[in-house]
Amino acid sequence: MMTGRIILILGDQLSPALASLKQGDRAADVILLAEVMAEASYVAHHKKKIAYLFAAMRHFAAELHADGWQVDYVRLDDPDNSGTLDGEVRRALGRLEMSRVVVTEPGEWRLLDEMRGWPETQLLPDDRFLADRAGFAAWADGRKGLRMEHFYRLMRRKAGLLMDGDQPVGGRWNFDAENRQPAAADLLMPRPPRFAPDPVTRQVLDLVAARFPDNFGTLEPFSMAVTRADAEAAFAHFVKHSLPQFGAFQDAMLAGQPFLYHAVVSPYLNSGLLDPLVMCRTVEEEWRAGRVPLNSAEGFIRQIIGWREFVRGIYWWRMPGYKQVNELAAHRPLPAFYWTADTKMACVRACVEQTRDEAYAHHIQRLMVTGNFALLAGIDPHELHEWYLAVYADAYEWVELPNTIGMSQFADGGLLASKPYAASGAYINRMSDYCGGCAYDVKAKAGPGACPFNSLYWHFIDRHRDRLVRNPRMAQMVRTFERFTPEKQDQLRRDADRFLTTLG
Ligand code: FAD
Ligand code: DLZ
Ligand code: SF4
């Protein structure tokens with residue numbers, strides 16, 4: 001038996017500073033990366049998501065090899081591929097005559113649970129986050145309500161980001177009130193850089209086209225970064241061209257503009273190509289140099305060390321039960337148009353089409369269009385969760401599940417969000433230009449041509465009035481509904497019910 005260990009690196013652990021690499025021994029240990037069907041099919045991932053990850057894994061393996069590591073890489077089409085991570089570890093132990101395995105803890109509960117049962121396997125904490133799991137639990141345990149804002153302030157102090165001694169720069173912790181402007185179409189709007197596939201990526205694209213022909217999504221053109229250097233170039237491009245406007249237009253949506261001023265870096269961050277703290281420090285520097293306004297810098301940093309860390313904390317604190325919650329008892333099946341985009345609702349159609357083509361939608365499209373629709377229509381949160389987990393290139397359960405179950409569907413009864421993100425067509429009309437090209441009339445409250453979000457909104461308020469009236473941020477809407485005449489209430493109920501029956 002060899003004395004070294006197998007260091008298993010998962011597809012979303014492509015960081016040179018990974019815990020297992022930091023304590024690895026180049027002379028004795030062997031790194032194992034494996035493309036396996038079990039991970040590629042536990043949900044039917046978007047074609048671009050699989051292609052991105054396999055291409056990034058292959059490039060990362062080559063970089064580690066060039067850096068002096070012994071690397072064992074198993075391709076999906078290797079005839080001996082067992083199809084599972086467990087199987088590949090067992091095969092590698094035999095092939096390399098080794099007996100010990102080291103893994104940095106996976107990001108998803110199901111895999112961690114499985115790996116805890118693997119023999120001779122050492123699990124190391126994933127230290128690529130500001131808050132560790134135990135620290136979050138200690139903060140959360142015993143609190144009456146968890147608010148991201150309180151947690152975020154702790155993280156700001158811990159990281160020393162945008163701080164003036166013990167106080168936030170600019171005198172406020174949060175500049176969100178300045179970040180809700182609708183955007184106007186602009187021919188000069190920046191777009192994320194595009195990276196032409198090299199021969200390694202081209203081979204992966206052919207593999208995905210052959211092995212996953214029926215999965216959702218358009219595979220080509222494919223222009224994502226698949227190396228650390230290109231991911232860093234994509235982030236630098238965002239900082240230079242989009243960050244100054246990021247804050248103001250963070251909540252805006254425009255037809256034909258999938259990316260607006262967003263960073264479009266979440267696949268790179270979540271798979272380890274980018275380092276979140278390095279990104280935040282770069283953004284702070286830009287503000288200190290006077291090149292970006294504070295509302296943009298703070299808004300960006302809040303997403304990373306606030307929301308991203310907060311949802312991860314909740315995931316690990318509440319799993320495995322969190323996946324099953326359904327506090328609003330929503331049981332309607334996911335409508336087919338989430339896959340086909342075949343709907344007359346222009347906003348939903350645009351978001352699904354863009355998701356199909358880019359494996360990307362920005363936060364407000366996910367939260368206030370597809371998520372809001374599902375919330376109002378009472379779609380089963382578990383089915384919706386599987387959709388979000390499949391269709392976005394950045395989707396891993398630790399980040400997707402709390403965003404879907406907690407933030408978007410209020411299915412945890414308010415553990416993560418203080419109120420449901422429910423909105424009528426007026427919100428979508430204010431923040432986007434979708435309504436102008438829609439078959440429905442956003443201004444009409446009732447009748448067959450009225451925007452479905454309008455009657456569905458009141459249907460939602462009515463259905464959940466007993467719960468919502470106890471929520472200080474929603475009680476006013478319940479009272480408003482109660483002040484409508486009985487005829488108007490009935491018409492809204494009838495309109496919504498009629499629309500819901502069309503969902504199949
Ligand atoms: P930007 O708007 O430019 O923000 C910068 C970065 O901040 C993002 O890259 C991301 O890392 C982080 N961030 C922003 N908001 C959040 C958030 N709410 N939670 C965690 N991180 C955040 N994000 C994922 O990374 N993976 C997911 O699977 C995912 N699923 C989501 C599902 C739903 C229903 C909703 C409402 C949101 C989801 N998000 C998810 C959060 C957010 O929509 C994406 O992080 C963001 O759209 C990624 O695009 P961007 O890089 O252009 O982000
Ligand atoms: C998402 C994904 C896919 C599609 N394929 C693989 C794979 O073949 N091999 C691998 O190691 N990881 C893959 N991943 C990422 C894992 O699913 C991810 O590590 C876990 O979900 C934990 O976050
Ligand atoms: Fe969406 Fe309603 Fe506007 Fe149509 S009218 S785009 S359905 S919000």
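Helices are DSSP runs of H or I with at least four residues, numbered from the N terminus. In the predicted model described here, helix α13 gives the lining of the second largest pocket six residues, the largest share.

The chain is divided into three parts by an automatic or database assignment. Between the C-alpha centres of domain 1 and domain 3 the distance is 39 Å. Eleven residues of domain 1 and 15 residues of domain 3 take part in the contact.

An open sheet of five strands was found, in which the strands pair in parallel and follow the order β3-β2-β1-β4-β5. Strands β3 (70–74) and β5 (121–124) each have a single partner and stand at the edges, so one side of each lacks a neighbour in the sheet. From one strand to the next, the twist averages 25°. Within this sheet, strand β1 (residues 5–8) is joined to strand β2 (residues 30–34) in the parallel sense, over three bridges. Leucine 8 has leucine 32 of β2 opposite. In general, the strands of a sheet pair through backbone hydrogen bonds, in either a parallel or an antiparallel arrangement.

Two helices are described in relation to the sheet. Helix α3 (residues 47–66) packs on the sheet and touches β2 and β3. The direction of α3 makes about 160° with that of β3. Helix α4 (residues 85–96) lies across β1, β2, β3, β4 (100–104) and β5. Relative to β2, helix α4 runs at about 145°.

The second largest pocket holds about 560 Å³ of space. Its lining is made up of 32 residues, and those closest to the centre are Asp126, Asp127, Arg128, Phe129 and Pro276. By residue class, the lining consists of 15 nonpolar, four polar and 13 charged residues. Domain 1 and domain 2 each contribute at least three residues to this lining. Among the helices, α11 (266–271), α12 (276–288) and α13 (294–318) each supply at least two lining residues.

Terms used
Residues are numbered from 1 along each chain as its sequence is written. Chains are lettered from A and ligands numbered from 1 in the order in which they are written. This is a predicted model: local features need pLDDT of at least 70, side-chain atom pairs count only at pLDDT 80 or more; totals for chains, interfaces and linings use all residues. Side-chain values use heavy atoms; hydrogens and water are left out. Two strands pair if DSSP finds at least two bridges between them. Axes are lines fitted to C-alpha atoms, for helices over the stretch in contact, and angles run from 0 to 180 degrees between N-to-C directions. Contact means heavy atoms within 4.5 Å. On a 1 Å grid over the protein atoms alone, a cavity is a set of points where a 1.4 Å probe fits but cannot get out, and a pocket is an open set with protein on both sides within 12 Å along at least five of seven lines; lining residues have an atom within 4 Å of a point. Grid points are joined across faces, edges and corners, and a volume is the space filled by probe spheres set on the points. Ala, Val, Leu, Ile, Met, Phe, Trp, Tyr, Cys and Pro count as nonpolar, Asp, Glu, Lys and Arg as charged, and the others, Gly among them, as polar.
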